[in-house]
Amino acid sequence: LTDAAATVSTLMQTGASVARLELLDEVAVDAVNRHRHWSLPTRPTLFVEFHGTSDEVVKEQAELVASVATDNRVEAFEWTRDEAERNELWSARHSAYYSALALRPGWVVHVTDVCVPVSRLPQCVLETRQDLDRSGLLAPIVGHVGDGNFHCLIVKDPNDPVMEAKVQEVYHRLIGRALEMGGTCTGEHGIGLGKSSFLPMEAGDEAVAVMRSIKAAMDPLGILNPGKIFLPNS
């Protein structure tokens, strides 16, 4: 898993023209195999899509990725120009959430959304995987890792308060880990209701006060997304 994330970190520094760069860890690949009745190798896998002005440019980009991946001990590198094959491969990433959900019928998935500098991605993903394994929680990791963003799909029993408490502990440690590494508690999902308590930790009380004043100026009646982003009376 560290090697896959290190490949991403190195690749981004090369300036490669990558259109999409996604990661599925071994737990995620196993979930997809079970759900889709596939037989992908059960190991951390990167899905990469290239774009360029010609076939030759795309080939050069693919060869660059293969070289970087080889330096990071990749076990296999496969690529195709066939549109049907590409769509089939990308469907693995697109079905990751439902694949996780299918692991425990009747349970739900708690989706996390941290983002860290790409240089810290290998360490953050590894420590997160280790934390999840120690906790005993079932949680595939997937991510749009080209910008350091990844998600834990924590599968949980909605009727088990003990498990929910464990999920929250892991969740808080994950966000703390991301912030310590210079990242953010939300890579793409936003603060909303669930992360309002983390915003002051990330931005600081003074910055949040400025945000609140701007919100008040733009929305004096408090009718735009009321109650979201900021803690009540904070």
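**Rings and their surroundings**

Q: What does Phe 198 count as, buried or exposed?
A: Phe 198 has 4% relative accessibility. Keep in mind that this is a predicted model, where local features need pLDDT of at least 70, side-chain atom pairs count only at pLDDT 80 or more, and totals for chains, interfaces and linings use all residues. Residues are numbered from 1 along each chain as its sequence is written, and side-chain values use heavy atoms, leaving out hydrogens and water. With buried meaning under 20% relative accessible area, exposed over 50% and partly exposed in between (1.4 Å probe, protein chains only), Phe 198 counts as buried.

Q: How are the rings of Tyr 97 and Tyr 98 arranged?
A: There are three aromatic pairs here (ring centres of Phe, Tyr or six-membered Trp rings within 6.5 Å; planes under 30 degrees apart are stacked, over 60 edge-to-face, the rest tilted). For Tyr 97 and Tyr 98, the centres are 5.2 Å apart and the planes sit at 90°, so the pair is edge-to-face.

Q: What is the relative accessible area of Tyr 98?
A: Tyr 97 is partly exposed, at 34%. Tyr 98 is exposed, and its relative accessible area is 51%.
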